Amino acid sequence: MKCVQLYIFVIYVSISSSKFLEHRVLNIERNCGEQNGNIYPWVALIPLETRTYNPSAKVECIGTLISEQYVITSSSCLAFVVSKVQFWSNLELLEVEVERWVVYQATNLALLKLKKAVDSDFFSPICLPSDDLALIENIDPYTATWMQNSDDTRIKKAVKTTIVNCQKRDNGLICLRPNGGDTICDRDEGSPIMFSDQNKWTLGGVLNYAYDIHESICVNSSSVTGSRITKDALKWIMHVIKKN
C-alpha cells in the first residue's frame, strides 16, 4: 500500500512540476514583446574575448532575451569566449554572467543561460512564435543592433529589411536585404530578426553572418543570412528552457 501511495505521489509531483513549467513558459509568451519606455528591451550586447591574448581586439555579438534567464544568439559567436551579457537603457546598464550555453545542432542557433534572472523594469523578453509560426515571408522584418557613442555608451538601431531568395534551399535559412541604405556588419551577428503584430514583437529568426559580395549565399550581394525559428527550433528552445 505504501508503494502505491508513493507511486501516486511521484506522479502528482511530476504533473505539478510539468504544469508549473508550462505556466512559466506561457507567462513568458503572455508578458513579452512590449516596449515600456525602453525600445527593444530584449536586445542584449554580448562582449566577446579572443581565445588567444589580443588586447586590441574588439569583438562582440548581439543576443535576444527570450525568457527571464535565457538569451538566444548565433552559435558562430561561440568561436570566442562568452562570459557575460549586457543590457543597456538610458537609465541602466545591467551586466549578467553566463552560466552555460547550448547549441542547436540543426542550425546556427545557441542559447545562453544566465547565472541569474533578468529582473528589471527596463528589460523584458521578446515573444516566441506560436506553434503555427506566423508567416514571416509576408512581412518586412527588422533587425536590431547596437551603435557605440563617443562616451562608450550604447544606443539601439533598428534596420528594416526585405526577405530575398536564398540560393541554397534550406528551410532553416532566411536571407535579408537591408532597406533605405542601412547596412548590417559583422558585429551584428546574433541580432534578432523580428516583426511586430499589434505592438507585440515576435522573434522570427537570428542573424548569422554578414557576408561580403564574394561570400554571400543570398541572391542579392548586399544581403545577409539568418537562421529561422522553425517548429523544430521552437521545440528545442522550449525543451532547454523547461529543463532549466
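Is Phe123 buried or exposed, and what is its relative accessible area? Phe123 is buried, at a relative accessible area of 4%; buried here means under 20%, exposed means over 50%, and partly exposed sits in between, using a 1.4 Å probe and protein chains only. Keep in mind that this is a predicted model, where local features need pLDDT of at least 70 and side-chain atom pairs count only at pLDDT 80 or more, while totals for chains, interfaces and linings use all residues. Residues are numbered from 1 along each chain as its sequence is written, and side-chain values use heavy atoms, with hydrogens and water left out.

**The chain overall**

- You're looking at a chain with 2 helices and 13 strands; these are DSSP runs numbered from the N terminus, with helices being H or I of at least four residues and strands being E of at least two.
- Of the 244 residues in the chain, 45% are buried.
- The chain's accessible surface is about 13300 Å², and carbon and sulfur atoms account for 51% of that; the areas come from the Shrake-Rupley method with a 1.4 Å probe, and for residues only the protein chains shown count as cover.
- Take the contacts (heavy atoms within 4.5 Å) between residues at least 6 apart in sequence: 63% of them join residues at least 24 apart.

**Aromatic pairs**

- Rings of Phe, Tyr and Trp (its six-membered ring) pair if their centres lie within 6.5 Å; planes under 30 degrees apart are stacked, over 60 edge-to-face, and the rest tilted.
- That rule gives 6 aromatic pairs.
- One of them is Tyr40 with Trp201, an edge-to-face pair at 5.4 Å centre to centre with 90° between the planes.
- Tyr40 sits in the loop between α1 (2-30) and β1 (43-49) and Trp201 in strand β12 (residues 200-209), so this pair ties together parts that are 161 residues apart in sequence.
- Both Tyr40 and Trp201 are buried.
- Phe87 and Phe123 have ring centres 5.6 Å apart and planes at 40°, so that pair is tilted.
- Phe87 belongs to strand β5 (residues 84-88) and Phe123 to the loop between β7 (109-114) and β8 (142-148), so the pair ties together parts that are 36 residues apart in sequence.
- Phe87 is buried too, with a relative accessible area of 0%.
- There's also a cluster: ring pairs link Tyr40, Trp42, Tyr142 and Trp201.

- In β7, 6 of the 6 residues are buried, so the strand is largely enclosed by the rest of the structure.
- Both faces are covered, with Leu109, Leu111 and Lys113 buried on one side and Ala110, Leu112 and Leu114 buried on the other.
- Strand β3 (residues 70-74) pairs with β7 in the antiparallel sense over 5 bridges; strands pair if DSSP finds at least two bridges between them.
- Within that pairing, Ile72 has Leu111 of β7 as its bridge partner.
- Strand β6 (residues 93-104) also runs antiparallel to β7, joined to it by 6 bridges, and Val103 stands opposite Ala110 in β7.
- The hairpin from β6 to β7 goes through 4 residues.

- Glu60, in strand β2 (residues 59-65), counts as buried at 11% relative accessibility.
- Setting aside neighbours within four places in sequence, Glu60 is in contact with Leu45, Ile46, Pro47, Leu48, Arg154 and Arg187.
- Asn208 lies in strand β12 and is buried, with a relative accessible area of 3%.
- Not counting residues up to four places away in sequence, Asn208 touches Ser74, Ser76, Asn108, Glu189, Thr225, Gly226 and Ser227.
- The side chains of Asn208 and Ser227 make a polar contact at 2.9 Å; such a contact is a pair of N or O atoms within 3.5 Å where, within protein, one must be able to donate a hydrogen and the other to accept it, and residues adjacent in sequence count only if both atoms are side-chain atoms.
- Phe195, in strand β11 (residues 192-197), is buried with a relative accessible area of 4%.

**Helix α2**

- Helix α2 (residues 231-243) has 13 residues and should span 18 Å at 1.5 Å a residue, which agrees with its end C-alpha atoms being 18 Å apart; the expected span is 1.5 Å times one less than the number of residues.
- Its buried residues include Ala233, Leu234, Trp236, Ile237, Met238, Val240 and Ile241.
- Asn244 follows α2 and has a positive phi, near 55°.
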